Amino acid sequence: MTRATEPVKMRAGAIILAAALICCGEARAQSSSPLDFLGNIFSSKNAPANPSPPPGAAVPGSGPLPWSGEDGASGHPLMTATAIREAAANFDGCVASMWPDAARRNITQENFQRFTAGLSPDLRIMDLMDSQPEFTKSIWDYLDILVNDNRLARGREILAKYKTQFDAVEKAYGVDRYAIAAIWGIESNYSTQMGDRSVLQSTATLACIGRRQKYFRDEFLSALEILNHGDLRPEQMRGSWAGAFGPTQFMPTAFKRYAVDGDGDGRRDVVDDPADLIASTANNLKKDGWQTGQSWGYEVVVPAGFNYMLADRAKAMTMAQWQHLGLKRANGQPFPPISDKAYLLAPAGAQGPGFLMLQNFRVIMKYNPAEAYALAIGHFADRLRGGPAFVQPWPRQERELSRAERLELQQLLVQRGFYRGTPDGQFGGETREALRSFQASVGAPADGFASSQVLEQLRGR
């Protein structure tokens with residue numbers, strides 16, 4: 001997903017992943033809430049075959065759903081029903097007010113009027129922006145959906161079909177073709193599910209209505225720049241509700257930073273031109289710090305009694321240091337350069353596999369800052385390369401907590417003096433640290449994994 005989060009990069013979505021799986025932060029250029037993560041994949045543009053529709057999704061053939069007319073779940077003053085209606089009533093004036101900024105970006109008045117003529121707000125986006133799903137999925141469920149036999153088979157076809165383009169891009173940028181192919185497959189199921197909302201309408205709506213207007217004003221103006229320059233046509237710029245478009249989901253601002261003309265035809269077409277798409281995605285990863293020839297990370301066996309306080313992105317150590325602490329590769333092979341630095345990720349706590357994450361994993365997280373997303377990309381790339389599935393089992397007996405249970409868990413942590421935040425049912429770093437402190441107090445592995453067992457322990461104290 002080529003997108004930019006509020007400070008970094010983000011992606012669209014309405015499915016929240018449990019805090020044990022992701023770090024707090026918005027998914028690349030398309031995300032809408034701090035814990036959104038794989039919304040593209042489970043929305044209409046990236047859905048697996050025959051998925052269960054997310055809450056509030058339109059039934060195929062029924063047309064788009066209207067705005068609910070309700071206040072947003074975030075509680076933001078600009079997301080109240082009254083504020084949304086007032087902003088919608090001034091939509092035409094808001095769009096017109098952006099002409100001076102557009103002119104400063106060298107957009108012609110003729111093109112500004114042509115591309116904004118007839119724009120109307122899509123208020124359904126307000127519901128999508130502030131959705132709070134009742135249930136979440138576990139990381140193993142995400143991996144099962146994203147890294148499956150059908151997607152792998154299609155990925156291998158794509159790699160063979162565009163071998164010439166991948167060869168040229170690997171030579172020019174030094175970025176692993178399998179990583180690019182994995183992003184393409186997970187973002188849009190190889191161009192079959194890219195989203196059907198107008199990027200101009202979505203970004204204009206968000207630039208004028210709701211809690212992210214400043215951010216999306218830049219996205220809207222950048223979309224106009226793309227059209228003014230002639231790289232893409234309006235009908236090509238269709239995608240997610242937050243404005244991500246194309247097979248690898250570029251936000252307009254990310255397109256401006258990373259899109260390149262891969263075949264020299266004078267246009268940067270990341271939608272329908274495979275050479276431009278592959279080269280632009282590679283350029284994105286390269287500029288974000290991709291290390292040529294290095295893996296994204298390794299599955300590791302974490303020894304019993306390990307101090308999970310060390311499982312922290314800020315606590316990178318050399319492979320030699322991790323080996324000294326008893327970590328071993330799950331496949332029994334030695335670590336490559338023992339001077340490489342990595343951090344430990346334990347997405348299912350002490351009950352599941354561990355992973356030592358290298359620089360390229362951090363680069364994938366710049367594409368979408370959710371660890372579960374980056375893990376899916378890295379693993380999918382390895383499988384496309386011919387590698388095996390993960391060696392160690394996931395704790396499939398565990399279930400994800402409902403939002404009500406997550407809220408209760410936070411409230412109990414507050415009552416016990418472990419959590420000082422405001423309970424909201426959304427888990428971030430502060431909640432995980434509180435969980436770790438509680439687990440340590442009862443002699444359990446302090447892994448921060450929000451399991452039903454931990455909730456029962458809190459209830460029983």
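1. Two strands pair if DSSP finds at least two bridges between them. The model discussed here is predicted: local features need pLDDT of at least 70, side-chain atom pairs count only at pLDDT 80 or more, and totals for chains, interfaces and linings use all residues. Residues are numbered from 1 along each chain as its sequence is written, and side-chain values use heavy atoms, with hydrogens and water left out.

2. Strand 7 covers residues 354-357 (strands are DSSP runs of E, at least two residues; helices are runs of H or I, at least four; both are numbered from the N terminus). Strand 3, residues 297-301, runs antiparallel to strand 7 and is joined to strand 7 by 4 bridges. Within this pair, M357 of strand 7 lies opposite G297.

3. Strand 6, residues 341-345, is also antiparallel to strand 7, with 3 bridges between them. Here L345 has F355 of strand 7 as its bridge partner.

4. Both faces of strand 7 are covered. G354 and L356 on one side, and F355 and M357 on the other, are all buried (under 20% relative accessible area, with a 1.4 Å probe and protein chains only).

5. Elsewhere, the axes of helix 8 (residues 149-161) and helix 17 (residues 371-384) come within 10 Å and cross at roughly 65° (axes are lines fitted to C-alpha atoms over the stretch in contact, and angles run from 0 to 180 degrees between N-to-C directions). The two helices are therefore roughly perpendicular (65 to 115 degrees).

6. In the contact (heavy atoms within 4.5 Å), helix 8 supplies R151, L152, G155, R156 and L159, and helix 17 supplies F380, R383 and L384. These residues divide into 4 nonpolar, 1 polar and 3 charged (Gly counts as polar, Arg as charged, Leu and Phe as nonpolar).

Note on methods: Angles under 35 degrees count as roughly parallel, over 145 as roughly antiparallel, 65 to 115 as roughly perpendicular and the rest as oblique. Buried means under 20% relative accessible area, exposed over 50%, partly exposed in between (1.4 Å probe, protein chains only).
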